[in-house]
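Visitor: Please take one part of this structure and go through it closely. I would like to see how the parts of the chain meet.

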Amino acid sequence: MSGNSASTYKDLDAIVLGAGACGLMCAVQAGYLGKKVLVLEKNDKPGAKILISGGGRCNYTNLYASHQNFISENEHFSKSAFAQWTVQDTISFFETYGISGQEKTLGQLFPTTNKAKDIIKVFTDICEDFGQSIRCNSEVQKVISVENGFEVTFKDSVTGNEHQVYAPNVVVATGGLPIAKMGATDFALRLARQFGLNLTSTAPALVPLTVTGKDHDWYEQLSGTSIFSRVSNHKISFDENILFTHWGLSGPAILQISSYWRPGEKITIDLLPDSNIVDLIEEERNHSGKKLLASFLEKFYSKKFVEAMKKYLPVDKNLASLSKDDLLSIEELIHQFSVKPAGDKGYDKAEVMRGGIDTSELSSKTLEAKKVPGLFFGGECVDVTGWLGGYNFQWAWASGFVIAQNI
Ligand SMILES: Cc1cc2nc3c(=O)[nH]c(=O)nc-3n(C[C@H](O)[C@H](O)[C@H](O)COP(=O)(O)OP(=O)(O)OC[C@H]3O[C@@H](n4cnc5c(N)ncnc54)[C@H](O)[C@@H]3O)c2cc1C
């Protein structure tokens, strides 16, 4: 898989930069079409992020994925790729190689074996069958245009030697900025700039949010508390769990909204999204007005959370004695809990990068750069960012497939 002399890589149809989800799918699909590619990967193994994804279980697609689950300056851009490679194509592809999926929640599909490494093995096995080379420990340094294609320079991290390889096409699948220690680099962004392609602004997404200042201690004491909530901003709402942490807020609903959040903005949390707390109180006080608000709230929340609510609500009053103003405060706090995050936890904790190669620079049908024939961009480095729940892999597979058809 690695260590071949660079001179052995001849008559390539393409050089694929990065053996992540997009690059591996591209290599495999190219193999089906009888096209020969060389995949260059800086890590010592392919698929580092696949391996850690979904808590090591790899949420490899989502049954309900459509272009509407993606953020991009052009929300229509991904439609063509998703029409060419559908969720059903992902499911059938893995089934062909013995991986069936189980839905965990909200359409999220995981291998029944629960092992992300099984997903990687599918790609490495097929590449081996087709004789597609995946060269690990090979960090791409430079790509330049030459006659009839591109010269790619990479450095072998074992020997320290630099090598040049040539091909008529280059596929940039080096991913986004999250988690540098897993191999993430800004290579795709630098290369795009070098070729004069525009970038949209990039930021961590699917990332925990921080709370600082006077509220910090209140959040910290609740660390570990999880509550099913509806988290909203002026653009969108997500109904999933939130998780209080030492630094602020995390959990799926927070990760989802983080992709739509901009510094300085507030988010609103409905801590009881499927009922109205005041209606429930009115109902309850018809039966037992003597009940303390604290014990009533413990029907819905942990003791720890109710205790922390003391800061905002008269939890020691009984239900019968709650005034109109009390009820208004309760309703506001439970259904419109407002948070102004100080920031996010950054690329070390983000699952994905928002923004990237401006989609207006690429053909939506082929993912080839309009200004640079033969140069393709796929996966996370493109300004197409999926929600939490298998959507980002669906984009990586689809874009890898599309590129393979066109190299
Ligand atoms: C903790 C975590 C969990 C996740 N879980 C899920 C999940 O369950 N479901 C889901 O859909 N998405 C998940 N994601 C997101 C998903 O992993 C990415 O969106 C996806 O891997 C992007 O695929 P890619 O091929 O574009 O990039 P990557 O998979 O990141 O692959 C890029 C590859 O390029 C290599 N590379 C970078 N620079 C160079 C260079 N200069 N030379 C050579 N190689 C280079 C990198 O080492 C890497 O192997 C998760 C992400 C994280 C961080």
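Guide: Domain bounds here come from an automatic or database domain assignment. The model is a predicted one. On that basis the chain is split into domain 1, covering 6–204 + 351–406, and domain 2, covering 208–345. Taken over C-alpha atoms, the centres of domain 1 and domain 2 are 40 Å apart.

Now the place where they meet. Contact involves six residues of domain 1 and 11 residues of domain 2. The size of an interface is often given as the accessible area lost when the parts come together. For domain 1 and domain 2 the buried area is about 820 Å², with 55% of it on carbon and sulfur atoms. On the domain 1 side, the residues that lose the most area to domain 2 are Arg354, Trp387 and Leu388, which together make up 56% of what that side buries. By class, the side of domain 1 that touches domain 2 holds five nonpolar residues, no polar ones and one charged residue.

Next, the pairings across the interface. Three residue pairs are in polar contact between domain 1 and domain 2, counting pairs with both residues at pLDDT 80 or more.

Asp326 lies in helix 12, which runs over residues 324–335. Asp326 has a relative accessible area of 13%, so it counts as buried, the cut-off being under 20%. Leaving out residues up to four places away in sequence, Asp326 touches Pro314, Lys317 and Ser321.

Key:
Residues numbered from 1 in each chain as written. Predicted model: local features only at pLDDT ≥ 70, side-chain atom pairs only at ≥ 80, totals over all residues. Heavy atoms only, no water. Helix = DSSP H or I, 4+ residues; strand = E, 2+ residues; numbered from the N terminus. Buried < 20%, exposed > 50% of the residue type's maximum accessible area, 1.4 Å probe, protein only. Contact = heavy atoms within 4.5 Å. Buried area = accessible area lost by both parts, 1.4 Å probe. Polar contact = N/O pair within 3.5 Å; in protein donor to acceptor, adjacent residues only side chain to side chain. Nonpolar A, V, L, I, M, F, W, Y, C, P; charged D, E, K, R; others polar.
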